[in-house]
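I set out to record what I looked up in this structure, entry by entry.

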Amino acid sequence: MSTIRQFQVTFDCAEPARLAAFWCEVLGYVVPTVPEGFATWEEYHRSLPPEDEIYFACTDPSGVGPRLLFQRVPEGKVVKNRVHLDVRVGAGLVGEERLATLEAECARLMALGAKHVLTQRADGVNESCITMQDIEGNEFCLA
């Protein structure tokens, strides 16, 4: 029998603090406590040697969901994600009620800077979902 392990999801990005703040708003996550001796995460990052990797994390306050880590990389995003997050705001809902819930969340996230990519309506086999991009172009779905 295998042991269940905790995991984190890591995003390569240009602006770790900005992307972490976006995903905290999307998921209701929180930013961990700033290291002792620093007033802000930005102050902490400025104290690091230039060669140190800049990162930012956020966590589920209930401790159930995975930690998200955002690490700065020099290159930009050039292709579609091979892995994406499904944000399950419509779980348990069907039909028009589900679609209305997804559309309301889509509007909220667009106000935060996300982009709407595609709305897939229920087709008798699959329920509705909405494909979006976060503020750095990473694809995710509202399901």
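Predicted model: local features only at pLDDT ≥ 70, side-chain atom pairs only at ≥ 80, totals over all residues.

**Entry 1: Gln71.** I located Gln71 in strand β3, which spans residues 67–72. Is Gln71 buried or exposed? I found a relative accessibility of 19% for Gln71, so it counts as buried, the cut-off for that class being under 20%.

I then looked for a polar partner. The side chain of Gln71 makes a polar contact with the side chain of Asp12, at 2.8 Å.

Entry 2: I traced an open sheet of 4 strands, in the order β4-β7-β6-β5, with mixed pairing. Its edge strands are β4 (85–87) and β5 (115–120), each of which pairs on one side only. On average, neighbouring strands in this sheet are turned by 25 degrees against each other, direction ignored.

Which sense of pairing joins β6 and β7? I noted that β6 (residues 129–133) and β7 (residues 139–142) pair in the antiparallel sense, over 4 bridges. Within this pair, Met132 stands opposite Phe140 of β7.

**Entry 3: helices on the sheet.** I checked which strands the helices lie across. Helix α1 (residues 16–27) lies across β4 and β7 and runs at about 40 degrees to β4. Helix α3 (residues 95–111) lies across β5, β6 and β7, at about 10 degrees to β6.

**Entry 4: the nonpolar core.** Which members of the largest nonpolar core touch the most other members? Of its 28 residues, I listed Trp23, Phe70, Met132, Phe140 and Leu142. The largest share of this core, 6 residues, comes from α1. In soluble globular proteins, nonpolar side chains tend to be buried together.

Leaving aside neighbours within four places in sequence, Phe140 is in contact with Phe22, Trp23, His84, Leu85, Val87, Leu109, Ala114, Ile130, Thr131, Met132, Gln133 and Asp134.

**Entry 5: confidence.** The chain has a mean pLDDT of 92, and 99% of its residues reach 70 or more. Among the elements, helix α2 (residues 41–47) has the lowest mean, 85, whereas β5 has the highest, 98.

Definitions and conventions: Residues numbered from 1 in each chain as written. Heavy atoms only, no water. Pairing = 2+ DSSP bridges. Helix = DSSP H or I, 4+ residues; strand = E, 2+ residues; numbered from the N terminus. Axes fitted to C-alpha atoms, helices over the stretch in contact; angles between N-to-C directions. Contact = heavy atoms within 4.5 Å. Buried < 20%, exposed > 50% of the residue type's maximum accessible area, 1.4 Å probe, protein only. Polar contact = N/O pair within 3.5 Å; in protein donor to acceptor, adjacent residues only side chain to side chain. pLDDT = per-residue confidence, 0-100. Core = buried A, V, L, I, M, F, W, Y, C linked by side-chain atoms within 4.5 Å.
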